[in-house]
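Please examine the sequence and the model shown here before reading on.

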Amino acid sequence: MSSPPALIEPALRDDAFLADVAAARATAAARTLFVWWLGQSGFLLCHRGECLLFDPYLSDSLTRKYAATDKPHVRLSARVVDPARLGFVRAVTSTHAHTDHLDADTLRPLLATAPGAKLVTPSANRKVAEERLGPGLHDRIVTLPEGGRARLGPFAFESVPAAHEALGPEYSGFVVEVGPFRVYHSGDTLRYEGMVERLRPRAVDLALLPINGRAPERRVAGNLDGPEAAQLAHAIGARWVVPCHYDMFAFNTASPEPFARACERLGQPYVVLRHGARWSVEARR
């Protein structure tokens, strides 16, 4: 019997990753935003020592759930960090209720070790969020309707629509302001009518966009593909764009190369990150 292929190793993981985050937090640089990709659509952002998690998936819950089915979720990349070690996080998002964006096995240990942290999610998903988190954590949920706003510490959230194949109240993206920065995390989405007009006035510094595209044989809702993500970032005037939602599951991934080529054709600044690698954005002059 052949052994399974080796997992893609993060640039940094576990103790090395946490040491890197601690070093970045200690700088307290007012004009620098630190960013780490944690895999799938998960990102850690820190500014002046305060940290936000976008849509973390830091478990093997989906691999276990689908192991004996005709849609196995074979993991491609090793986990960056145990969520129980992220007690410094102030806020965490869930853009929608699919498990790779609202994962009980990630959120329960995370919220247990980060007693001040809140989960920000669409209003339509409160019930499922309560079910996933379980008793005792319902007061840690902050729900936003479309266009709704909330502030958690230094992070100001605005909910914007997402179209995970179709628009619906259960799908959201978030524009987050922290210090001099505006970050757009689209959640899972396609481009839809009015999207550019809604986002361009936000003057986004960093757009975090999926690139795994759409393939009917996957039997899951689709997203932007690489060139579409590049075109959307360019259309909304994003200063930088980082791709995500690939290199996690073998059945639902994509190469970032078409995304990178499209960005270069458009003159759109971009960065392709490795899991666990730190990148920084400097404030506008």
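Helices (H or I, at least four residues) and strands (E, at least two) are DSSP runs, numbered from the N terminus. Helix α2 spans residues 61–65 and includes L62. The model is predicted, so local features need pLDDT of at least 70 and side-chain atom pairs pLDDT 80 or more, while totals for chains, interfaces and linings use all residues. Residues are numbered from 1 along each chain as its sequence is written, and side-chain values use heavy atoms, without hydrogens and water.

L62 has 6% relative accessibility and therefore counts as buried (under 20% relative accessible area; exposed is over 50%, partly exposed in between; 1.4 Å probe, protein chains only). Beyond residues up to four places away in sequence, L62 touches Y57, H73, T99, D100 and F249 (heavy atoms within 4.5 Å).

Rings of Phe, Tyr and Trp (its six-membered ring) pair if their centres lie within 6.5 Å; planes under 30 degrees apart are stacked, over 60 edge-to-face and the rest tilted.

| Pair | Centre to centre | Angle between planes | Class |
|---|---|---|---|
| W37 and Y246 | 4.9 Å | 40° | tilted |
| F157 and F174 | 6.3 Å | 90° | edge-to-face |

W37 belongs to strand β1 (residues 32–39) and Y246 to the loop between β12 (240–244) and α7 (257–266), so their pair ties together parts 209 residues apart in sequence. Both W37 and Y246 are buried. F157 lies in strand β8 (residues 155–164) and F174 in strand β9 (residues 166–178), so this pair links parts 17 residues apart in sequence. F157 and F174 are buried as well. One aromatic cluster is formed by F17, F34 and W36.
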